[in-house]
Amino acid sequence: MYQLVLIRHGESEWNAKNLFTGWTDVELTQKGRDEALQSAKALKEAGIELDLAYTSYLKRAIHTLNIVLDETDYDWLPVRKDWRLNERHYGALQGFNKKEKAEEYGEEQVHLWRRSFDVPPPPLSLDDPRHPRNDIRYKALKPEQLPACESLKDTIARMMPFITDELFPAIKEGRKIIISAHGNSLRALVKYLDNIPDSEIPGLEIPTGKAFIYELDEDLKPLKHYYL
């Protein structure tokens with residue numbers, strides 16, 4: 001049996017302000033740090049063993065992981081950062097209040113952007129300072145890898161090489177892995193593991209800062225999963 005620990009970052013400053021965040025690099029709130037700390041304590045009490053960690057390029061996920069590793073005495077763990085674990089890119093909506101955008105475009109349209117499977121939000125222009133090509137952390141990526149916006153379908157497509165070429169081989173090696181990432185990148189992974197239909201995956205809610213454990217068989221099929 002293999003084990004995999006997933007954790008969505010704790011509440012961020014823009015979560016608290018009800019803003020579209022996406023690839024914007026914002027910090028955790030105190031509530032978010034407390035959520036990460038509580039998950040760490042639960043992992044420690046459950047005796048969960050770890051020997052490898054993955055996280056995104058965004059500090060709300062990185063700092064969540066740091067808190068967990070510190071509290072569980074796993075500060076020494078190797079940490080691999082992968083941009084493919086980033087949150088879904090919300091394009092031109094990033095930085096704007098969700099309620100205000102609903103008033104501007106209508107509840108139905110904003111709901112479609114947020115909760116549909118394959119409808120992306122309005123894209124960023126290439127000269128927009130929010131575009132990832134203007135961010136030094138993505139300078140090694142090819143232009144076609146840098147999204148101006150993403151649907152959930154796009155996020156899943158971006159995640160698949162990480163899942164099949166990076167994560168699964170590491171699990172097969174017997175590594176005890178924790179992933180600290182984001183609501184939509186984790187949705188992509190859960191969709192793949194549990195074979196959730198396209199029509200159902202947008203409705204899957206993953207709470208912030210709560211450890212989610214998978215137990216997998218030899219073929220990496222879920223035996224069970226649960227929150228601590």
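**Buried strand and aromatic pairs**

Tyr214 has a relative accessibility of 0% and therefore counts as buried. This value, like the others below, comes from a predicted model. Phe212 is also buried, its relative accessible area being 9%, which falls under the 20% cut-off for that class.

These two residues also meet through their rings. A search of the whole structure returns 10 aromatic pairs. In the pair of Phe212 and Tyr214, the ring centres are 5.2 Å apart and the planes stand at 70°, so the arrangement is edge-to-face; the cut-off for that class is an angle over 60 degrees. Elsewhere, Trp23, Tyr57, Trp83 and Tyr138 form one aromatic cluster.

Aromatic rings also take part in contacts with lysine. Lys98 is placed over the face of Phe20, 5.7 Å from the ring centre. Lys210 lies over the face of Tyr227, with 5.6 Å to the ring centre.

Attention now turns to strand S4, which comprises residues 177-181. Of its 5 residues, 5 are buried, so S4 is largely enclosed by the rest of the structure. The burial involves both faces of the strand: Ile177, Ile179 and Ala181 are buried on one side, and Ile178 and Ser180 on the other.

The strand pairing of S4 can be followed through its bridges. Strand S1, residues 2-8, runs parallel to S4 and is joined to it by 5 bridges. Within this pairing, Ile7 has Ser180 as its bridge partner in S4. Strand S2, residues 52-55, also runs parallel to S4, with 4 bridges joining the two. Here Tyr54 finds its bridge partner in Ile179 of S4.

Note on methods: Residues are numbered from 1 along each chain as its sequence is written. This is a predicted model: local features need pLDDT of at least 70, side-chain atom pairs count only at pLDDT 80 or more; totals for chains, interfaces and linings use all residues. Side-chain values use heavy atoms; hydrogens and water are left out. Buried means under 20% relative accessible area, exposed over 50%, partly exposed in between (1.4 Å probe, protein chains only). Two strands pair if DSSP finds at least two bridges between them. Rings of Phe, Tyr and Trp (its six-membered ring) pair if their centres lie within 6.5 Å; planes under 30 degrees apart count as stacked, over 60 as edge-to-face and the rest as tilted. A charge sits over a ring if NZ of Lys or CZ of Arg is within 6 Å of the ring centre and within 35 degrees of the ring normal.
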